[in-house]
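Subject: Structure handover

Hi,

Here is the structure for you to look through. Please open it first, then read my notes below.

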Amino acid sequence: MKTGLKSLSVLLVLIFFHAISHAQDVLKFVNPNIGTAHSRWFFYTPAAVPYGMAKLAPSTNGSYGNLQGWEAVGYDTRHTSIEGFVHFHEWQVGGISFMPTAGTLKTVPGALEKPGSGYRSGFSRENEIAAPGYYSVILDDFKIQAELTATKRVGFHRYTFPKSDSSRIILSIGNVQGESGPVTDASVEMIDDTHFQGYVITYPKYIKTYDEGGRVAMYFFGELNKKPLTVGALAKEAARANQRSSKGIGAGLYLGYKTSENERIEIKVGLSYTSVANAKLNLKTEAEHLTFATAKAAAQREWSIALNKLKVSTKNVAAKTKFYTGLYHTLLGRGIASDVNGNFPRHDGTIGQLPKDAMGKFSYNFMNTDAIWGGFWNLTQLWALSYPTHYSDFVHTQLEIYKERGWFGDGIANSNFVSGVGTNFVGLAIAGAYQAGIRDYDSKLAYEAVKGNELGYQNRLVGSGKMDTKSFITKGYVPYLDADKTDSTGSHFSGSHTLEYSYSAFAAAQFAKRLGKTADYQKMIQLSDGWKNIFDKTLKLVRPKMEDGTFINKFDPLEAWRGFQEGNATQYTFYVPQNPKSLINEIGEQTFNNRLNEIFETSRKNAFGGGKTIDAFAGIQSLYNHGNQPNLHISWLFNYSSAPWLTQKWTRAICDEFYGTESVHGYGYGQDEDQGQLGSWYVMSSLGLFDVKGLTDFRPTIQIGSPVFSESVIILGNGKSLTIKADNNSKDNVYIQSASWNGKALHQAWLYRDQLMQGGTLILKMGRLPNKKWGVKVPPPSVQ
C-alpha cells in the first residue's frame with residue numbers, strides 16, 4: 001500500500017511539473033514590444049501582473065507629458081534612450097520614476113535628441129528583454145543592467161552595477177509622467193537607512209476637463225536591500241547634498257553608492273492610491289518575504305495561469321504570437337485601485353471600503369479604467385467568456401461611482417471622471433453583464449443606474465457624458481451643432497451620438513424587459529430606433545440633421561469629425577448593432593452586401609485602416625478603419641445579411657493583415673490600442689466567436705466566423721470547457737463547409753450564448769471555396 005502511495009505521489013509531482021512547464025511555455029508567444037511605435041502611455045508595461053496596480057516600464061519620453069492628455073507618450077520603439085522606470089501606468093494616471101546612474105550627478109532626464117544632456121541613457125534593443133511580468137535592459141551610458149518585476153501592488157527593481165565610487169539611484173517623484181498632467185504636490189523622504197516613503201498628486205488634463213477640482217494621488221513606501229552611503233535632495237533642477245527629504249513640484253532624492261563589479265541593489269516599492277500607510281501594508285502583505293527572483297517567478301506563474309485559460313493549436317507561429325500578445329494586453333489593461341485591506345480612493349478625497357463576502361474575502365476589486373467605448377465588441381465578450389470576475393469588478397466599480405456621484409463615469413481615474421469621448425456606454429456594458437449571467441451585485445441599484453444613464457439629464461455631471469440626452473429623448477435624434485460642443489440642444493457629433501444612444505437604449509430596454517419593467521422597456525425600445533430618424537433613404541446613408549429636422553448640407557460621407565466622432569458617415573452607417581436586419585432592409589440586402597464587400601476590398605489595399613501612416617487617427621477618413629472602435633463589429637454583419645462566407649473571409653483577412661508581429665506594425669500602424677480592445681478583438685475573432693450586439697440581447701447569441709486555429713480549447717468562466725476544431729484549416733481554407741455542435745449538425749452561423757457556455761465541441765469543416773448555402777437559412781435573430 002505504501003509503495004502504491006509513493007508511486008502515486010511521484011506521478012502527481014510529475015503531472016504538476018509537466019503542467020507548470022506547459023503553462024510557462026505559452027509565455028514565449030507573448031511579445032510586449034509588438035506595436036510600440038507611437039503607443040499609448042498605458043500600452044507598454046511588461047513588469048506587471050494581470051490587472052495590477054504596479055505596472056512598471058521603461059520611459060523614453062514620459063517626462064515630456066502630452067498637451068492634449070491622450071497622445072502617445074512613454075515608450076516608443078523608435079527612441080534610443082531611457083530616462084527612467086515608472087511605476088504607475090493607467091489612463092490619466094502616471095508617476096514615480098526611478099533611474100540608476102553613475103558618474104557626474106545630473107538632476108534632469110535631459111532631451112531625447114541631446115545625449116548627455118541629463119541622466120537618461122542610451123540602450124540597444126539587442127540588450128532588452130520584455131516578457132509578461134519581467135523587463136530587463138542594459139543602460140549603455142552607465143553599464144548598468146536594470147530589471148523590473150511586480151506583484152499586484154508592489155514594484156521590484158534589481159540594478160546590477162559596475163565597479164564604481166559614483167553609482168547612484170535617482171528617485172524622481174514630483175515630475176510629470178506620461179498622462180499624469182501637472183504635479184500639484186509631492187513629497188519623498190528617507191525615514192531610516194533603508195526605507196523611504198512619499199506621495200505625488202497630479203491634475204490630469206481629462207480630470208481638468210471633465211471633473212474639475214479632482215486629483216490623482218499616488219503613494220509609495222520603499223525598501224532598499226543596501227543602505228546608501230549618501231542621500232541628497234532634488235527640487236526641480238537643483239540638488240542639495242546631505243538632505244534626506246524633498247517636497248513640492250520637482251521633488252526627488254538621489255542615493256549614492258560605492259559598488260563592486262556586478263553588485264546588485266534591489267528595491268521593493270509598495271504602492272497605493274489611498275495612503276502611505278496602505279502602501280506600506282501592501283508591501284508587507286504581498287512582498288515581505290519575496291526577493292526579486294521569487295517575485296519574478298510568481299509574476300510569470302500568474303501570467304501563465306491566466307493565459308492558459310485559452311489554448312490554441314497551430315503551426316503558424318505569427319498567429320499564435322498575435323493571439324497571446326492580444327490576450328496579454330486584454331488582461332493587462334484596467335488595473336485595480338484598491339488596497340489589500342479593501343480601501344479605495346473616492347472622488348471627495350475620502351477612503352472607501354470594499355465589503356467582504358461570507359468567506360471573509362473582499363467581494364470585488366475597485367478599478368481604474370479607460371472608457372468602455374467600443375469595449376463591448378472585444379473586452380466584455382472576452383471577460384464574460386473566461387474572466388467573469390474582472391467583468392464583475394468593472395460593474396461593481398461603476399456602481400460605487402454611481403453611489404457616490406449619482407452618475408456613471410465612462411473613464412475612471414481614482415473615482416474621478418475622465419470621459420475622453422463625451423459619451424457613456426457604461427450602462428450598456430452593465431446590461432450586457434446581466435444578460436451574460438454576471439449578477440453578483442444589487443440588480444435593483446444597477447437597473448436604476450442604467451436607466452438613469454439613458455434617460456437622465458437634469459443636473460447631469462459633465463464627466464458622465466451624454467450631455468445631449470435631453471435632445472435625443474425629446475426629438476428621437478440629436479440635432480447637429482456647427483460649434484464643436486455638446487449640450488442639451490445637440491452636439492457637433494450628433495450623427496454618431498444618435499447611433500450610439502439608439503444602441504445603448506436598446507441594451508437598457510432589454511435589461512428592463514429581463515426585470516419585467518414593461519413601461520420602461522417600451523419607452524427605451526422606441527428610442528432604439530432613433531437611428532432611423534437620421535437615415536437618408538436617398539443616399540442610403542446616415543446623415544446628421546439640424547434642429548429643424550433637415551439634413552445638413554455640403555455633406556461628404558467620408559468627412560471625419562463633422563457629425564461623427566473619430567469617424568465618418570460611411571463608417572457609422574453600419575452602426576446599428578441592435579437591429580442589423582432593419583438596417584439591411586433599409587439599404588436592400590444585395591446592395592448592403594455589395595457595398596460592404598466593396599468597402600473591404602478597397603480597405604484591404606490600405607491595411608484595413610490608415611495604411612502605414614503612424615498616427616492614431618490615420619484611418620478615420622477611410623471607408624473602414626479597424627484601428628478605431630466604431631468599426632469593430634462591421635465585418636461580422638454578413639452573418640445577418642445571408643452572406644456568412646463574407647464574414648469568414650474578411651475577419652480572417654483582418655486577422656492576417658491588419659495585425660502584425662512587429663514593433664511598428666502591431667495593431668495596425670496607427671496605434672490607438674485602448675487598453676486591450678484591439679488585442680481582444682483578435683482573440684475573439686481568431687477563435688471564430690463574436691457578438692455584434694455585445695451581449696446586450698434578451699438572450700445573447702454568439703455568431704460564428706472562421707477560426708485562425710486548427711483547434712482551440714477554452715476554459716469558460718463557469719469552469720466548463722469549450723473546444724473549437726477547424727478541420728482542414730489553412731491560410732487559404734477560410735470558408736466553413738459544414739459544422740456540428742456536440743455531435744449534431746449545425747446549419748446556422750450562430751448559437752445562443754447560454755448553449756455555448758454549457759461547454760462542448762464545435763467542429764467546423766473548412767475549405768478553399770465558400771459554401772454559400774451554409775449558415776444562410778436562419779440568420780442570428782435581429783429582434784427578440
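Start at asparagine 414. Leaving out residues up to four places away in sequence, asparagine 414 touches Val216, Ala217, Tyr273, Pro345, Arg346, His347 and Asn368. Keep in mind that this is a predicted model.

Where does asparagine 414 sit? Look in the loop between strand 22 (412–413) and strand 23 (416–417). Is asparagine 414 buried or exposed? Its relative accessible area is 4%. Buried means under 20%, so asparagine 414 counts as buried. Now pick out phenylalanine 142. Asparagine 414 and phenylalanine 142 are 272 residues apart in sequence. In space, their C-alpha atoms are 37 Å apart.

Next, helix 7. This helix covers residues 388–405 and has 18 residues. At 1.5 Å a residue, helix 7 should span 26 Å. Its end C-alpha atoms are 26 Å apart, so the two values agree. How many residues of helix 7 are buried? The count is 15 of the 18, so helix 7 is largely enclosed by the rest of the structure. Just after helix 7 comes glycine 406, with a positive phi of about 85 degrees.

Helix 7 also has a partner to look at: helix 9, residues 443–455. The axes of the two helices come within 11 Å and cross at roughly 70 degrees. Angles of 65 to 115 degrees count as roughly perpendicular, so that word describes helix 7 and helix 9. Which residues meet there? From helix 7, they are Leu399, Tyr402 and Lys403. From helix 9, they are Leu445, Ala446, Glu448 and Ala449. Sorted by type, the residues of this contact are five nonpolar, no polar and two charged.

Then go to helix 17, residues 677–687. This helix is mostly covered, with 11 of its 11 residues buried. Among them are Trp681, Tyr682, Val683 and Met684. Gln677 and Leu687 are on the buried list as well. Glycine 688 follows helix 17, and its phi is positive, near 85 degrees.

Last, a record to compare with the model. An unreviewed UniProt entry annotates residues 29–272 as "domain: Glycosyl hydrolase family 92 N-terminal". In the model, that span is 2% helix and 46% strand. The end C-alpha atoms of residues 29–272 lie 32 Å apart.

Over to you.

Best wishes

How values were computed
Residues numbered from 1 in each chain as written. Predicted model: local features only at pLDDT ≥ 70, side-chain atom pairs only at ≥ 80, totals over all residues. Heavy atoms only, no water. Helix = DSSP H or I, 4+ residues; strand = E, 2+ residues; numbered from the N terminus. Expected span 1.5 Å × (residues − 1). Buried < 20%, exposed > 50% of the residue type's maximum accessible area, 1.4 Å probe, protein only. Axes fitted to C-alpha atoms, helices over the stretch in contact; angles between N-to-C directions. Parallel < 35°, antiparallel > 145°, perpendicular 65-115°, else oblique. Contact = heavy atoms within 4.5 Å. Nonpolar A, V, L, I, M, F, W, Y, C, P; charged D, E, K, R; others polar. UniProt positions renumbered as here; feature names shortened; annotations may be inferred.
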